[in-house]
Amino acid sequence: MKKKILINIAALCFAILILFLLQKLFMPKYISEIREGSLIAEYYDEVKDHDVMFIGDCEVYENFSPITLWEKYGITSYIRGSAQQLIWQSYYLLEETLKYEKPKVVVFNVLSMKYNEPQKEAYNRLTLDGMKLSKSKINDIKTSMMEDESFISYIFPLIRYHARWSKLTGEDFKYMFEKDKVSHNGFLMRTDVKPVTVIPKGKKLADYQFGENSYDYLDRMTKLCKDNNIELILIKAPSTYPYWYDEWDTQMVNYAEKNDLTYINFLDLLEEVGIDFSKDTYDGGLHLNLYGAEKLSEYFGKTLSEDFGVSDNRNDSSTAKIWDEKVDSYYAMEEDQQRELVEYGYLKSYGALVQITEEEE
Amino acid sequence: MKKIILLITIMLLLVGCSKEAKDPANDADQENDTTQGSNDAQNNDTADDTATQDHQVVGFSFEYNGVKVPMNVEAAPVVEALGEQTDYFEAASCAFQGLDKFYYYSGFELDTYPLDGVDYISSVVFSDDSVSTVEGIYIGSTLEEIIKAYGENYTEESGLYTYTLGETKLTILVENNVAAAITYLAIIEGLQP
């Protein structure tokens, strides 16, 4: 009888192991394509000792360089960004982050205030699949799910991705258990250049008021930071599209004033920052490239250092040792990207394929 | 033991052979989960039944210089027929492949979205009063004229009047009793008007 029970337990464990391996295999790896999918998970391998935490959508992970903040000001930072990260996702990511570390400053990009409801499963997956299971993740899933999504598929992603069996590539096997890092403390590097030619005008809206749900989560974020003695800085990154209405900006100015927060709209500071939209963007103004991100980081780092007293950690030998490696990796990638631009005319290995193909056509 | 082996076998079968779910990583700009329009325009004579190369589309359709511009049809032939645009802009999404494209013409803007490598028309937005709808409504038309043209089968919120026909919408923003903005929209999941 005892032997029978042990055999059954062993068989059950074997079944669980098989399912675990299948899940590891079928999950998208986000290495050569849609690298953004790797961003959230990369955080967990970090030494968690950052003075500044950025949260938000692609306007943070494309526009700020933690390496520049380190090199110029000794500021340690991380960007917990993801593609079209919605405000409640930012809140729950921040809540989760605070279980690991307590930064002095949190920087939140306010573009996501425009999304009051869940938008697309595909973007949900890029944020949620990378999170470790936690109460924050569970709440995040419940808040993010579209009508036709299932909660259980986020807990056991194999349910969602099992159909990928017919699309598996070598990459799926190679990166089953361990992946190369695609970001630099959450910053996704692009060294290519596509100048701004047209800045689209905003379309008239019936109602410019941000939704109740968005304000609720902004309030929660504000409280979370205050309760933890963290300075929350609201920003609007200098992206030309999606259009940032004056009416939206006024709401953020008023919110910041009412809640004793700092709000910086970098669209108003382009000249001061030195952004040149003929050189500093890789996609016609939607996001900055490496050079634009470094300019913006150098400018903002001064604010963080002088106005918010964020420490210069360059004399801390253990921290410096960690960051020296990051710096080396950063410049190695820059060099590699420059090489690809010369060799192929575009960033072949860095997810730039489709845009360049469109241009060539 | 036998039950557990049976359970494993069933699970493996389910993993491999169940209804194929689209991979969200390939799906973000390719899903076209159009919903059926819930309302017909009150006056059917005001709506166009527009056939396209690929599929029948019932809905609102813009017209410019004799060129019909239906919603949710392949964009290339329409863009070619419209001739040279005054400006052009393209926007990649945060992560996914494919570009939303914006073609600017005199008086309006034509927007497209990608699906399976093909661009489809997602919207037409009037930029001034030099163009009008097929039914004669333009930026500056009165609310009375709008309702006379399209009927009373609309939804209204914050001054935005929305008519739905098939897989399309016609939205007219009314301010101070006149049309301030006019937009044709294809009904597509995740499309922000």
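Q: Which residues touch the most other members of the largest nonpolar core?
A: A nonpolar core is a set of buried Ala, Val, Leu, Ile, Met, Phe, Trp, Tyr and Cys residues joined through C-beta atoms within 7 Å. A residue is buried if 20 or more other C-beta atoms lie within 10 Å of its own, exposed if 12 or fewer, and partly exposed in between, with C-beta atoms placed from the backbone. Of the 67 residues in the largest core, those touching the most other members are Val52(A), Phe54(A), Ile55(A), Val106(A), Val107(A), Phe108(A) and Met221(A).

Q: Which element gives the most to this core?
A: Helices (H or I, at least four residues) and strands (E, at least two) are DSSP runs, numbered from the N terminus. With six residues, the element giving the most to the core is α5(A).

Q: What pLDDT do local features need in this model?
A: Residues are numbered from 1 along each chain as its sequence is written, while chains are lettered from A and ligands numbered from 1 in the order in which they are written. This is a predicted model, in which totals for chains, interfaces and linings use all residues, side-chain atom pairs count only at pLDDT 80 or more, and local features need pLDDT of at least 70.

Q: What arc do the buried residues of α11(A) cover around the axis?
A: The buried residues of α11(A) are Ser214(A), Tyr217(A), Leu218(A), Met221(A) and Cys225(A). They lie on the same side of α11(A), because the arc that they cover around the axis is only 105°. The arc is that of the directions from the helix axis to the C-beta atoms, and here its value is 105°.

Q: Which residues on the other side of α11(A) are exposed?
A: An α-helix has 3.6 residues a turn, so residues three or four places apart point the same way. The buried residues of α11(A) are covered by elements including α5 (87-97), β3 (105-109), β4 (231-236) and α12 (246-258) of chain A. On the other side of the helix, the exposed residues are Glu212(A), Lys223(A) and Asp227(A).

Q: Is Tyr163(B) buried or exposed?
A: Tyr163(B) is found in strand β10 (residues 160-165) of chain B. Because 25 C-beta neighbours lie inside 10 Å, Tyr163(B) counts as buried.

Q: What share of the residues in chain B is buried?
A: Chain B has four helices and twelve strands. In chain A, buried residues make up 42% of 361. For the 193 residues in chain B, the share is 39%.

Q: Over which residues of chain A does pLDDT stay under 50?
A: pLDDT is the predictor's confidence in each residue, from 0 to 100. Chain A averages 94, and 98% of the residues score at least 70. The stretch where pLDDT stays under 50 is residues 354-361.

Methods. Contact = placed C-beta atoms within 7 Å.
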